[in-house]
Amino acid sequence: MIFERAARREFAQAAAGISVALLAILTSTQLIRLLKDAAGGTIAPEAVASLLGFAALNFMPVLLSLTLFVSILLSLSRAYRDSEMVVWFSCGQPLTAWMRPVLKFSLPVVLAIAVLSGFLSPWANYSTADYKQKLAARSELSQVSPGAFREAKKGRRVFFVEALAEDASKVGNVFVASLQDGKLGVVMSDSGHQEVAENGDRFVVLEHGRRYEVEPGTPAFKVMEFERYRVRTEDGEARPAENSPNRMPITELVSDRSNQARGELLWRIGMPVSALILALLAIPLSYVNPRAGRSINMLIAILIYAIYSNLLSVSQAWVAQGKLSFWVGVWAVHALMLLPLFLMFYQRIALRMPWRRRKA
């Protein structure tokens with residue numbers, strides 16, 4: 001019991017440090033992408049925090065699975081290097097006795113992965129798509145970012161605002177290019193503000209500017225100066241997000257018989273199962289041979305994790321494409337990874353492998 005409590009405590013400490021490091025790396029990468037999209041006008045700046053939270057929920061199952069695997073592997077490797085395993089074996093405990101503390105530590109994490117992959121990640125995917133649809137349906141002016149060109153109405157209208165008030169009520173140095181009835185109109189103004197009509201229509205009122213109008217392919221050209229010019233802005237229709245398989249709750253996914261839904265269900269089932277198998281694989285993989293170096297087991301572990309992850313992705317793709325039966329894909333990859341698990345346990349426990357020749 002003393003060994004088990006100490007082992008679980010060390011697993012928890014290693015998992016805390018590894019999860020914080022991985023979360024910081026993934027969050028930073030995602031934040032850079034979102035900030036790039038916000039700077040380019042693809043998404044609204046105020047949406048960055050919400051989309052970052054949804055993205056964090058989406059990659060949490062993979063992060064927790066990798067954290068569980070690495071934390072157990074590093075803790076047991078340290079026990080080998082510090083000769084604590086010698087004490088463990090001297091007490092008459094076999095290597096398989098480590099399965100009990102590892103399983104006690106892993107089961108709550110595996111349960112969290114199952115909840116995340118089965119319920120929270122699909123909800124985050126749907127919320128992300130729905131939020132982007134609502135942002136795209138806002139009025140043109142509310143989507144404008146100062147210092148960036150913004151397209152509206154599928155490129156038929158382009159806005160540029162140099163200065164914008166926090167509540168978007170006033171704008172400065174405005175450029176509006178629009179294509180209407182085959183004519184290209186360009187409006188330039190020093191300042192402007194928003195105005196709401198009695199019927200609820202929204203307008204951008206531009207002051208002290210010029211309007212240039214030209215018909216492409218003809219020499220016709222008009223220049224008009226104005227003191228006050230109104231440009232109507234419209235709110236688009238917020239369409240509901242498409243209910244694709246990666247956004248469906250697991251209750252609906254089970255009843256859906258399409259290949260895409262079967263592939264997504266295979267992935268959600270495979271995430272917690274693979275996390276549990278990887279946790280058990282970390283026990284024999286943690287063996288450190290001083291003659292072979294301390295990093296050889298980590299290289300093998302990374303290779304095994306990459307192979308396992310890629311096999312899950314390939315089986316999901318094959319099921320989604322109809323090339324592989326769902327009932328075969330749901331167990332084949334995990335059964336394949338159980339084979340090296342048993343072999344490595346046997347190699348660490350058996351004194352001689354059956355295929356080794358006995359010395360005279």
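Predicted model: local features only at pLDDT ≥ 70, side-chain atom pairs only at ≥ 80, totals over all residues.
Me: Why is valine 20 called exposed?
Reply: Its relative accessibility is 57%. Exposed means over 50%. Valine 20 is above that cut-off, so it counts as exposed. Valine 20 lies in helix α1, residues 2–39. Its C-alpha atom is 9.5 Å from that of threonine 67, a residue 47 positions away along the chain.

Me: Why does leucine 120 count as partly exposed?
Reply: Leucine 120 has a relative accessibility of 34%. Buried means under 20%, and exposed means over 50%. The value falls in between, so leucine 120 is partly exposed. Its place is helix α4, residues 99–136.

Me: What makes up the nonpolar surface patch of about 360 Å²?
Reply: Leu111, Val115, Phe119 and Leu120 make it. A patch residue needs over 30% relative accessible area. Leucine 120, at 34%, passes that cut-off.

Me: How do you know that strands β3 and β4 pair?
Reply: Pairing takes at least two bridges. Strand β3 (residues 170–180) and strand β4 (residues 183–196) have ten, so they pair. The sense is antiparallel. Valine 174, for one, has serine 189 in β4 as its bridge partner. The hairpin of β3 and β4 has two residues between the strands, and aspartate 181 takes a positive phi near 55° there.

Me: Why is histidine 208 called partly exposed?
Reply: Its relative accessible area is 46%. Histidine 208 is not a glycine, yet has a positive phi of about 55°.

Methods
Residues numbered from 1 in each chain as written. Heavy atoms only, no water. Buried < 20%, exposed > 50% of the residue type's maximum accessible area, 1.4 Å probe, protein only. Helix = DSSP H or I, 4+ residues; strand = E, 2+ residues; numbered from the N terminus. Patch = residues over 30% accessible without salt bridge, like charges linked within 9 Å, V, L, I, M, F, W, Y side chains within 5 Å. Areas by Shrake-Rupley, 256 points an atom, 1.4 Å probe, with all protein chains shown as cover. Salt bridge = Lys/Arg side-chain N within 4 Å of Asp/Glu carboxyl O.
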